[in-house]
Amino acid sequence: YHPPAWATKKVFCKKNLPTNGRLKLANLPTPLYPLTSPTSSTTTSSTSSSILQRFQDLNMTLFIKRDDMSGGVELGGNKIRKLEFLLADALSSSTT
């Protein structure tokens with residue numbers, strides 16, 4: 001493999017490399033949404049609504065963390081988080 005001429009020039013600025021081992025790519029923080037019991041008659045399982053009802057009886061609210069919204073359509077959740085660490089390692093270990 002022979003890289004193109006523009007890639008062999010020392011154009012990249014290494015002062016912006018991540019110092020904590022993580023390159024920021026994800027849209028963080030991801031939102032939290034309260035989990036509410038379904039109100040429509042499309043509920044097929046009474047188990048899910050009974051569990052939610054138990055939490056409501058205890059005056060507790062469950063929240064869902066939307067990690068699928070961290071990186072867009074293609075890279076949501078853990079994939080984008082792992083990519084942050086892999087790219088930071090590749091940038092910090094490169095010699096050119």
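**Close-up views of a predicted model**

**View 1. Tyr33 and the nonpolar surface patch around it.** Tyr33 counts as partly exposed because its relative accessibility is 40% (buried is under 20% relative accessible area, exposed over 50%, partly exposed in between; 1.4 Å probe, protein chains only). The residue lies in strand S1, residues 32–34 (strands are DSSP runs of E with at least two residues, helices runs of H or I with at least four, numbered from the N terminus). With Leu35, Ile64 and Met69, Tyr33 forms a nonpolar patch that has about 330 Å² of accessible area together (Shrake-Rupley method, 1.4 Å probe, only the protein chains shown counting as cover for residues). Patch members have over 30% relative accessible area and no salt bridge, and nonpolar side chains (Val, Leu, Ile, Met, Phe, Trp, Tyr) are joined within 5 Å; a salt bridge is a side-chain nitrogen of Lys or Arg within 4 Å of a carboxyl oxygen of Asp or Glu.

The model is predicted: local features need pLDDT of at least 70, side-chain atom pairs count only at pLDDT 80 or more, and totals for chains, interfaces and linings use all residues. Residues are numbered from 1 along each chain as its sequence is written, and side-chain values use heavy atoms, without hydrogens and water.

**View 2. Helix H3, residues 78–93.** Ile80, Glu84 and Ala88 are the buried residues of H3. They lie on the same side of H3, because their arc around the axis is only 80 degrees (taken from the directions from the helix axis to the C-beta atoms). Asn78, Lys82 and Asp89 are exposed on the other side of H3.

Technical notes. The expected span of a helix is 1.5 Å times one less than its number of residues. Patches are made of residues with over 30% relative accessible area and no salt bridge: like charges are joined within 9 Å, nonpolar side chains (Val, Leu, Ile, Met, Phe, Trp, Tyr) within 5 Å.
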